[in-house]
Amino acid sequence: SAWAQPASPKTEVLADGLANPWAIAPLPDQRFVLSERPGKLWLLDAKGQKQAELQGVPPVAYGGQGGLLDVVADSQFAATRRIYFCYSEPGADKDTNSTALATARIAANERQLEEVKVLFSQRPKVKSSAHFGCRIAQAKDGSLFLSLGDRYSQRHDAQTLDNHHGKLVRVVKDGSVPKDNPLVGKAGALPEIYSWGHRN
């Protein structure tokens, strides 16, 4: 008997002319928020067309694999208008960087971010343009998981618990540490760590 050939996948271009698009977050009203790695955050309509650039994104360390990376909408976005995003955060010396997780509210005018707050910043910061990780997942209890790359040059840190290289961390939406994280109270371990030993 002949094998049935699967139908070829259909592709549809939602948006083009973008600079290193990295993530897209669906909103409840069928629109999207899209991140571009150089540091721009866009509100797109249901057909993928740009509606507005959302102003107020913190400075990002753009280069190599770094920049503005993942973005997700809050599970209660219809009520909160809140998003979470992660990015390569430059150090005060402008020479080092690390992955940071921030939250902000999309203003009523849909042109800017309000109440921008960094919830978590990977430490230590290092001089590297690689392996930032930076995927966000929201749990049913509302806590946030963030993947953190090993930064390549610091890959030997992935198995040690006094740093954030090569880890998954879990924080509450206000940036605090959940009391049931596995390393809470363990000497020499950072309490926000949820799992460790990861690469990128």
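Which residue stands opposite Leu 144 in β11? Val 171 in β11 holds that place.

The model is predicted: local features need pLDDT of at least 70, side-chain atom pairs count only at pLDDT 80 or more, and totals for chains, interfaces and linings use all residues. Residues are numbered from 1 along each chain as its sequence is written, and side-chain values use heavy atoms, with hydrogens and water left out.

**The sheet**

An open sheet of four strands has the order β9-β10-β11-β12, with antiparallel pairing. Its edge strands, β9 (133-138) and β12 (193-196), each pair on one side only. Strands are DSSP runs of E with at least two residues, numbered from the N terminus, and two strands pair if DSSP finds at least two bridges between them.

| Pair | Bridges | Opposite residues |
|---|---|---|
| β9 and β10 | four bridges | Gln 138 and Leu 144 |
| β10 and β11 | five bridges | Leu 144 and Val 171 |
| β11 and β12 | three bridges | Val 169 and Ile 193 |

The hairpin of β9 and β10 has five residues between the strands, and Gly 142 takes a positive phi near 90 degrees there. Strand β10 (residues 144-148) is largely enclosed by the rest of the structure, because four of its five residues are buried; buried means under 20% relative accessible area, with a 1.4 Å probe and protein chains only.

**Ser 35**

Ser 35 lies in strand β2 (residues 32-36) and is buried, its relative accessible area being 0%. Its side chain reaches the backbone oxygen of Leu 69 at 2.5 Å. Not counting residues up to four places away in sequence, Ser 35 touches several residues, including Trp 22, Lys 40, Leu 69 and Val 71, where contact means heavy atoms within 4.5 Å.

Definitions and conventions
Buried < 20%, exposed > 50% of the residue type's maximum accessible area, 1.4 Å probe, protein only. Polar contact = N/O pair within 3.5 Å; in protein donor to acceptor, adjacent residues only side chain to side chain.
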